[in-house]
Amino acid sequence: MIPAPFEYYRPREMAAVLALLAEHGDEARVMAGGHSLIPMMKLRMAEVPHLIDLQDVEGLSGITVSGGEIRLGAMVTQAEIIDSKELAQAAPILREAALQIADPQVRAMGTVGGNVANGDPGNDMPGLMQCLGARFTLVGPEGEREVAARDFYEAAYMTERDDDEVLTAVAFAVPEGGYAYEKQKRKIGDYATAAAAVQIRREGASCAAASIAMTNLSDTPVWSEAAAEALVGTELGPEAIEAAVTAMLAEIDPSEDNRGPVEFKRHAAVVILRRAIARAWSRA
Amino acid sequence: MPDKMHVKLTVNGEAQEFLAEPRELLIYALRERLNLTGPHVGCDTSHCGACTVIVDGKTVKSCTLFVAQANGAEITTIEGLGSPDDLSPLQRAFREHHGLQCGFCTPGMITRATKLLEENPTPTEEEVRFGMAGNLCRCTGYQNIVKSILAAAAEINAAKEAAE
Amino acid sequence: MKDDVESREDRTAGLKGLGCARRRVEDLRFTQGKGNYVDDIKLPGMLHGDFVRSPYAHARIKSIDASAALALDGVVAVLTAEDLAPLGLHWMPTLAGDKQMVLADGKVLFQGQEVAFVVARDRYVAADAVELVEVEYEDLPVITDPFESLKSDVVLREDLEPGADGAHGPRKHHNHIFTWEVGDKETTEQVLEEAEVVAEEMVYYHRTHPCPLETCGAVASMDKVNGKLTIYGTFQAPHAVRTVVSLLSGIEEHNIRVISPDIGGGFGNKVGVYPGYVCSVVASIVTGKPVKWVEDRMENLMSTAFARDYWMQGKIAATREGKITGLWCHTTADHGGFDACADPTKFPAGFMNICTGSYDIPVAYLAVDGVYTNKAPGGVSYRCSFRVTEAIYFIERMIEVLAIKLNVDAAELRRINFIRKDQFPYQSALGWEYDSGDYHTAWDKALAAVDYKGLREEQAQRVEDFKAGKTRKLMGVGLTFFTEIVGAGPVKNCDILGLGMFDSCEIRIHPTGSAIARLGTISQGQGHATTFAQILASEIGLPADSITIEEGDTDTAPYGLGTYGSRSTPVAGAATAMAGRKIRAKAQMIAAYLLEVHDDDVEFDIDRFVVKGAPERFKTMKEIAFAAYNQAIPGIEPGLEAVSYYDPPNMTYPFGAYVCVMDIDVDTGVPEIRRFYALDDCGTRINPMIIEGQVHGGLTEALAVALGQEIAYDDLGNVKTGTLMDFFLPTAWETPNYETDHTVTPSPHHPIGAKGVGESPHVGGVPCFSNAVNDAFRAFGLTHTQMPHDHWRIWKTANRLGLHG
Ligand SMILES: Cc1cc2nc3c(=O)[nH]c(=O)nc-3n(C[C@H](O)[C@H](O)[C@H](O)COP(=O)(O)OP(=O)(O)OC[C@H]3O[C@@H](n4cnc5c(N)ncnc54)[C@H](O)[C@@H]3O)c2cc1C
Ligand code: FES
Ligand code: FES
């Protein structure tokens with residue numbers, strides 16, 4: 001499998017990246033770890049005459065936790081997320097999720113920026129970031145802007161990001177309470193049949209706040225406000241959970257693939273969500 | 001046709017320079033230009049790990065890395081992990097514990113396992129299985145691969161202790 | 001002298017012969033990345049070939065325009081059927097008596113079919129040129145279901161004369177290939193009619209693929225100066241390839257050299273002859289340059305050699321007490337666009353007629369109908385001896401179905417129907433003579449090892465707990481007792497393309513007491529270089545470490561039919577022992593001469609010949625070897641060499657008893673293997689370490705097949721499982737640890753009693769995993785559910801049974 005030829009650039013500054021994007025329009029594309037893009041190019045399902053490698057661009061790396069905020073540079077890899085002690089402390093759901101993505105070699109290359117910018121419904125980070133209420137920083141010819149993860153995804157491979165913009169960072173408030181990232185897949189290296197990201201804050205016996213998002217059950221990640229609301233104020237009894245699940249079911253829209261028909265996916269979604277809620281609650 | 005680019009790599013400690021199309025995949029540059037045919041192509045889609053090499057300290061699937069991306073990098077392949085007179089503990093353990101059959105996955109396995117033991121010198125069986133899950137083998141059923149890696153870890157640790 | 005003090009045990013151990021867990025000689029190069037696989041071969045001036053393939057499963061080709069591709073710098077040629085036709089190479093014969101297009105001739109019959117072959121300077125230009133070849137297709141109705149195919153007006157194979165017989169007799173319909181019948185139809189049907197109990201089931205063994213980690217490929221090099229053609233390739237049968245290439249190309253066989261270098265796994269994928277091989281040869285002849293073709297994984301899964309795809313309708317008759325009285329099977333075999341099965345000529349459905357399994361079934365009948373569809377051709381024996389996998393899956397499911405019908409324990413049902421030890425050699429109702437077996441002993445050992453009774457109690461408790469809402473996991477106990485039939489095979493009934501399925505070994509002993517042996521087989525990971533040296537070490541008394549084993553070069557190795565169907569040990573292993581015995585016979589004469597006694601007065605003792613009754617007088621094999629080259633011995637030619645071509649008198653029949661304990665999450669459909677116990681009886685054990693490794697590997701491939709590995713098509717004939725994302729190969733994480741065990745029942749007719757083991761774990765493993773899944777739901781009324789048991793299908797079964805509330 002050989003990709004079509006392309007012109008390769010490895011700029012050091014964001015200005016140069018933006019200039020290249022401006023010059024070549026939709027003939028140009030940025031590449032982070034390449035582990036979504038290169039397979040597509042090898043299959044000749046993506047043609048990229050001008051490939052801009054982000055690996056040397058300044059300001060895209062690093063994990064910072066300060067002032068109740070977490071910031072991940074776009075080029076932070078899944079392996080770095082897993083290895084970060086700070087992050088394991090501040091937002092352990094990230095590590096739990098990252099460990100369920102692909103395999104060690106892929107995680108050494110795959111970046112958080114690439115994962116959330118890709119727009120593939122199978123990617124795990126978008127749902128996770130919606131659960132965490134993250135904001136994506138985009139830089140373009142007009143300057144910098146922030147877009148909420150919950151507003152970012154429009155359809156499969158269609159996002160709020162304009163072609164001439166680069167995603168530079170992902171930021172979110174340090175999450176509170178219990179967490180769980182639960183994923184069903186056929187094997188290591190497979191995308192989710194169904195996956196759920198859940199954060200729950202508990203006060204006394206009841207749930208004070210919740211956030212729930214699911215992956216690969218629609219053409220975008222599904223963050224369900226109604227599902228979360230169904231839990232808030234309850235002690236997470238069977239009825240509350242049932243209500244949350246029902247709310248989520250109303251919002252997902254899975255399609256059939258080799259992982260199974262729609263009815264199975266809807267059922268798996270329920271099971272995975274219940275497990276995620278239970279685990280998050282047990283940690284809250 | 002885009003211009004060829006000037007590529008510089010350090011592979012198994014030796015400096016290498018050549019002209020290549022940027023789209024050339026690292027696996028082919030290693031195999032076809034540098035005659036390092038240890039790493040293999042098994043799947044083309046970054047699932048099997050037969051093409052695993054170490055690039056700047058990370059184990060990566062070289063079928064999913066353009067040579068352009070690797071420009072300037074330091075690379076180690078299976079050929080750089082031991083020599084006929086000085087096999088690495090993993091190379092010895094794979095033979096001793098029958099951790100291979102057709103041998104096609106073996107270079108990638110040993111390369112990945114080398115890194116795994118650096119990251120985690122005392123893995124449990126479960127950690128070995130999880131840490132090796134990016135490498136497929138069709139012949140061995142993994143049981144003896146896991147055994148080989150655990151045995152190599154024990155040997156390395158014993159040698160370290162003896163040295164201390 | 002050292003020899004004087006060495007004990008017999010030490011001398012035996014020093015040989016590293018039979019029974020020794022000898023470490024593999026191959027591994028030194030493999031662990032250093034110094035194997036030499038086909039894609040590692042680089043010849044001066046070598047060009048690269050790549051295919052233009054059909055995106056359609058059934059279409060007429062209106063036109064092919066290669067002009068843009070040819071205009072690309074670095075493109076040397078673009079071959080189409082039109083170019084091959086004058087050479088008569090646009091079609092090629094298949095191993096099954098059919099023919100197959102090398103390049104699409106007027107139409108395509110499956111997605112991924114080879115349409116044009118681009119030859120270019122390097123793989124990059126070739127890939128670019130493939131994109132530039134313009135093919136105009138007119139799509140035709142697609143048939144992916146064999147039952148529909150037999151009813152359809154659509155003619156898939158327009159090249160076949162309507163109404164004319166096929167290679168295996170009359171064809172009933174334009175999409176029908178053959179009917180193969182074995183056994184006594186009339187009596188079987190009568191038995192079924194009169195039986196106290198009859199269990200019936202349609203057992204589908206889905207389409208899958210051997211998928212070795214290395215794909216198929218070849219490098220062809222035509223040396224026009226010397227008129228010699230050399231072909232390196234992923235060939236499980238290099239000699240047969242040489243003969244076929246000679247017959248096809250007209251190049252005399254002595255001018256063709258076929259080399260199988262190291263092979264990265266075969267599992268049946270590398271038995272067949274593929275268009276890629278033929279095209280690289282033609283391209284090399286046309287261009288005068290070496291041409292390399294190596295398929296990528298997607299091409300491998302889409303076009304080279306699927307396995308299985310058998311719809312097996314079964315009926316099994318029994319008394320109320322469970323004694324089986326008859327077996328009936330009708331199989332509809334989906335062969336895809338061409339019948340390219342790799343079976344011995346007289347067996348269009350391979351050894352499917354071993355489907356009476358390990359049981360004493362008085363009467364049986366089997367019919368197989370082969371059918372064309374718009375899928376890839378193949379039907380190879382994926383880690384199995386010619387459809388044995390299908391046969392054993394069928395009978396091991398039918399036994400379970402019968403147990404349910406009779407409401408008895410499936411282990412006990414097996415026991416009362418086993419062929420008894422005293423019945424061997426046993427004549428089966430479908431025509432085989434089982435050489436040896438002791439099934440009851442093996443079964444009892446297996447059941448005791450896993451505490452079978454305890455497992456059933458635990459399972460019953462689990463069912464109670466499940467019903468009480470205490471757990472959502474069910475427990476399945478999978479049982480299998482299989483009998484394999486391997487080592488094809490007697491030349492009187494087994495041939496491939498008219499070539500008898502013997503095998504061979506040629507030995508040369510060097511003056512200093514080391515040796516080289518060459519065989520007609522080829523290792524793909526089985527470790528022949530290690531084990532054949534062990535056989536020889538025990539036969540000729542020279543250390544295995546002093547014996548080189550060489551295979552795969554037709555210029556040097558004696559003719560043989562290659563390695564598949566677990567035939568290497570039964571056939572080539574036997575040839576090795578027999579050639580070794582010839583060496584020993586001559587060595588005996590030399591020893592007698594040196595010891596100045598009569599030939600009959602010396603006897604072989606581990607590594608030497610000793611004078612009978614005077615063990616202090618001896619000549620070691622090393623001394624004898626030297627003498628063979630430096631002494632003029634009256635009446636004996638100098639040198640010490642031998643060759644043996646071995647035509648086995650019968651197949652061998654390895655067997656085994658497997659138990660799998662599985663927990664199944666009924667809500668997600670996720671199965672978890674808690675325990676797997678495998679007892680194998682492969683007769684004499686040459687190298688226990690290698691046997692164990694083969695068992696682990698075969699079981700893992702079985703797990704894959706049973707739990708998800710399939711080649712699936714949509715209604716338009718598009719392959720849905722073209723990459724390793726969707727084509728299920730388990731990683732170390734999804735694979736359990738296996739417990740291995742054995743009994744030893746030697747083959748009475750094999751020179752060293754060995755039976756072969758490489759495929760047993762696959763043959764026995766698939767039904768065992770599948771039976772575990774089925775068994776988990778038995779308490780809830782399930783009789784049978786089809787493989788593959790991936791998450792959604794297991795979930796579906798649970799759902800159908802009403803287990804989701
Ligand atoms: C075998 C395998 C299994 C996998 N399994 C999973 C899985 O289970 N879950 C999962 O989530 N992922 C999975 N992945 C995908 C993997 O995590 C990818 O690495 C990740 O999705 C993309 O990250 P990347 O850095 O490789 O991005 P790239 O491949 O470099 O880029 C992906 C896309 O995003 C764009 N892009 C990248 N960075 C930026 C940026 N900073 N700004 C704007 N656009 C950008 C690119 O132009 C491209 O279109 C798997 C991949 C493989 C090969
Ligand atoms: S060839 Fe690179 S992962 Fe398979
Ligand atoms: S040893 Fe053959 S693939 Fe691993």
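Trainee: In the hairpin of β27(C) and β28(C), which residue takes a positive phi?

Mentor: That's C:I606, with a phi near 65 degrees, in a hairpin that has two residues between the strands. Keep in mind that this is a predicted model.

Trainee: How do β27(C) and β28(C) pair, and over how many bridges?

Mentor: Strand β27 (residues 602-605) runs antiparallel to β28(C), with four bridges between them.

Trainee: What stands opposite C:R608 in β29(C)?

Mentor: C:T620 does. β28(C) and β29 (residues 614-620) are also antiparallel, over four bridges. Their hairpin has two residues between the strands, and C:G613 takes a positive phi there, near 80 degrees.

Trainee: Let's switch to a helix. Which residues of α14(C) are buried?

Mentor: In α14 (residues 439-449), they are C:Y439, C:A442, C:W443, C:A446 and C:L447. Their arc around the axis is only 125 degrees, so they lie on the same side of α14(C).

Trainee: What covers the buried residues of α14(C)?

Mentor: The cover includes helices α13 (410-417) and α15 (452-467) of chain C, plus strands, among them β21 (473-483), β31 (655-665) and β32 (670-681). Just after α14(C), check C:D451: its phi is positive, about 55 degrees.

Technical notes:
Residues are numbered from 1 along each chain as its sequence is written. Chains are lettered from A and ligands numbered from 1 in the order in which they are written. This is a predicted model: local features need pLDDT of at least 70, side-chain atom pairs count only at pLDDT 80 or more; totals for chains, interfaces and linings use all residues. Side-chain values use heavy atoms; hydrogens and water are left out. Buried means under 20% relative accessible area, exposed over 50%, partly exposed in between (1.4 Å probe, protein chains only). The arc is that of the directions from the helix axis to the C-beta atoms. Contact means heavy atoms within 4.5 Å. Two strands pair if DSSP finds at least two bridges between them.
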